Amino acid sequence: MGNGIVNALKNEFDIEDHWMSYELHPETPPEGISLKQSFPQMNIQERQNQFNKMGAPYGIVFNNLSRVVNTHLALQASEFAREEGKFHEYHEKLLYANYTEGKNIGDINVLLELAQNVKLDPQKLEIAIRQKRYEPRLLEVQDQAEKDQIMATPTVIINDQFRIVGAQSFQAFRKKFKDIESGNLTQPFTPSMTKK
């Protein structure tokens, strides 16, 4: 959802977005976990319907939200894509595969297939993942996120001063951007995160 909103905001505002590879739930087992097991009281179908209603303006369709996937390998693959200058393309494919196609993006074979779809070298990606080349970067982002008290995704930090937390409406994001442009925001949040 956050990705769709950011893309829509780019039509109106001059935005250069930089996504951080933050692992919200590192405790998720490699095979993932049932959403019902994690949140027994949650009505999964109702949640999916709500997400589809929110995603409709951006052409986002949510299917099969029954599992929480382990994103550790996917975040490493994203860092590989960033180094190869294809982060946004790969990120879009990851989101679509996970939320719309219901693929397990914790599976290295899925990640390699998606890499090939955006003209990334799957063999180089597999070597990078198996060598855990991006582990230090993920740990650094995790540490920065803890310092900045980031406990939800999406968390959007604007101009290194202002933040929007959680799945809010496009109108809420737009208002925040308008307020920043006009100088109407008086309580900036100054994160300790540094851009890489």
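The charged end of Arg 82 sits over the ring of Phe 87, at 4.4 Å from the ring centre; a charge counts as sitting over a ring if NZ of Lys or CZ of Arg is within 6 Å of the ring centre and within 35 degrees of the ring normal. This is a predicted model, in which local features need pLDDT of at least 70 and side-chain atom pairs count only at pLDDT 80 or more, while totals for chains, interfaces and linings use all residues. Residues are numbered from 1 along each chain as its sequence is written, and side-chain values use heavy atoms, with hydrogens and water left out.

Phe 51 belongs to helix α3 (residues 44–55), whereas Phe 62 lies 11 residues away in the loop between α3 and β2 (67–68); helices (H or I, at least four residues) and strands (E, at least two) are DSSP runs, numbered from the N terminus. Phe 62 is buried at 3% relative accessibility, while Phe 51 is partly exposed at 21%, given that buried means under 20% relative accessible area, exposed over 50% and partly exposed in between (1.4 Å probe, protein chains only).

Phe 62 also pairs with Tyr 99, with ring centres 5.5 Å apart and planes at 65°, so this pair too is edge-to-face. Because Tyr 99 lies in helix α5 (residues 87–100) and Phe 62 in the loop between α3 and β2, the pair ties together parts that are 37 residues apart in sequence. Tyr 99 is partly exposed, at 34% relative accessibility, and ring pairs link Phe 51, Phe 62 and Tyr 99 into a cluster.

Strands β3 (residues 155–158) and β4 (residues 162–165) pair in the antiparallel sense over four bridges, pairing being assigned if DSSP finds at least two bridges between two strands. Thr 155 has Val 165 in β4 as its bridge partner. The hairpin of β3 and β4 has three residues between the strands, and Asn 159 takes a positive phi near 55° there.

Definitions and conventions
Phe/Tyr/Trp six-rings, centres within 6.5 Å; stacked < 30°, edge-to-face > 60°.
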